[in-house]
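Good morning, everyone. Please take a look at the model on the screen before I start.

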Amino acid sequence: MIQDLKSRRWRGVSAGSVLLALLALILFAIPGPGYRVGLWPFGTAVELMRWAFYIGASGAALGLLGLLLSLRQKRQMFVSRFVIAILIGGGISSSLYLMRANAGSYVPIHDVTTDLVDPPSFTVIPPRVYDPYIVPDRGRADLASLDPKARWRIYHKEAYGDIGPLYLNLDHDDTIRAAEAVAQDMGWKIVAVDPEQGRIEATAQSTWFGFKDDVVIRVREETEGSRVDIRSVSRIGIGDIGANAKRIRTYLSHLQNKALQ
């Protein structure tokens, strides 16, 4: 009788650790798709991921404790359950922790361009619903007294000093056509193309959350060839964890390769 009671307890604890881990897995998986299809706002998605972290960590902790006790008491039949809880729960909580830590390592800007002096401007795509230059100083004394736009330029130079215009040995019209083709190849939704003004506007969308970032490409004639500038701006958030800079670097690399074909 006592043995049966102990076995039931072991089964309950091992099953509980696995259920916590699986619940964390669900809470980790659904925030992005749910936000993308409009089931809940972004704040709710963030809250779901926060709960996924806590529940996953709890499942992993319970699994680790259960594993140690089961090995000590030679309850081998429950070992696999505890290992599953540790792997799933620990993997999810570790991933979310690293995601948050990684986000803090990027500069708090969401507007990246190849031209800080005269950034390409949008004319068809409407601007963000609030000031696009919300830039915190992060406690830096050298930024505290500056206006948000000045902070943006400093952060931009520090993090993305390698990003600049692309010069191509193509005439204006050929550059516009190549620039549009590369934007389409990257899966962006083309909103407007104005060859006379040398401007292309498009929208890029992330896979998991479906975040939309707006892109404007500007082509200007040079004495020899053309100059291409690009700007990528996130519609929501203060920072972008480097997404806009990565997009710009990838685009310019593909455009340069296309121009050489």
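This is a predicted model: local features need pLDDT of at least 70, side-chain atom pairs count only at pLDDT 80 or more; totals for chains, interfaces and linings use all residues.

Start with the surface. L19, L22 and L25 form a nonpolar patch there. Together they have about 260 Å² of accessible area. Now pick out L22. It lies in helix α1, which covers residues 2-29. Buried means under 20%, and exposed means over 50%.

Next, the helix pair. Two packed helices are described by the angle between their axes and the distance between the axes. Our pair is α3, residues 42-72, and α4, residues 79-104. What is the angle between α3 and α4? About 145°. Their axes are 7 Å apart. The crossing of α3 and α4 is left-handed. Which classes of residue make up this contact? There are 17 nonpolar residues, eight polar ones and no charged ones.

Now the two single residues. E180 sits in helix α7, residues 172-185. Its relative accessibility is 23%, so E180 counts as partly exposed. Compare its position with V193. In sequence, E180 and V193 are 13 residues apart. In space, their C-alpha atoms are 7.9 Å apart.

Last, I248. This residue is in helix α8, residues 243-260. I248 has a relative accessible area of 0%, so it is buried. D229 is 19 residues away from I248 in sequence. From C-alpha to C-alpha, I248 and D229 are 9.6 Å apart.

That's my tour. Thank you.

Technical notes: Residues are numbered from 1 along each chain as its sequence is written. Side-chain values use heavy atoms; hydrogens and water are left out. Patches are made of residues with over 30% relative accessible area and no salt bridge: like charges are joined within 9 Å, nonpolar side chains (Val, Leu, Ile, Met, Phe, Trp, Tyr) within 5 Å. Accessible areas come from the Shrake-Rupley method with a 1.4 Å probe; for residues, only the protein chains shown count as cover. A salt bridge is a side-chain nitrogen of Lys or Arg within 4 Å of a carboxyl oxygen of Asp or Glu. Helices (H or I, at least four residues) and strands (E, at least two) are DSSP runs, numbered from the N terminus. Axes are lines fitted to C-alpha atoms, for helices over the stretch in contact, and angles run from 0 to 180 degrees between N-to-C directions. A crossing is left-handed if the near helix is turned anticlockwise from the far one by less than a right angle, and right-handed if clockwise. Ala, Val, Leu, Ile, Met, Phe, Trp, Tyr, Cys and Pro count as nonpolar, Asp, Glu, Lys and Arg as charged, and the others, Gly among them, as polar. Buried means under 20% relative accessible area, exposed over 50%, partly exposed in between (1.4 Å probe, protein chains only).
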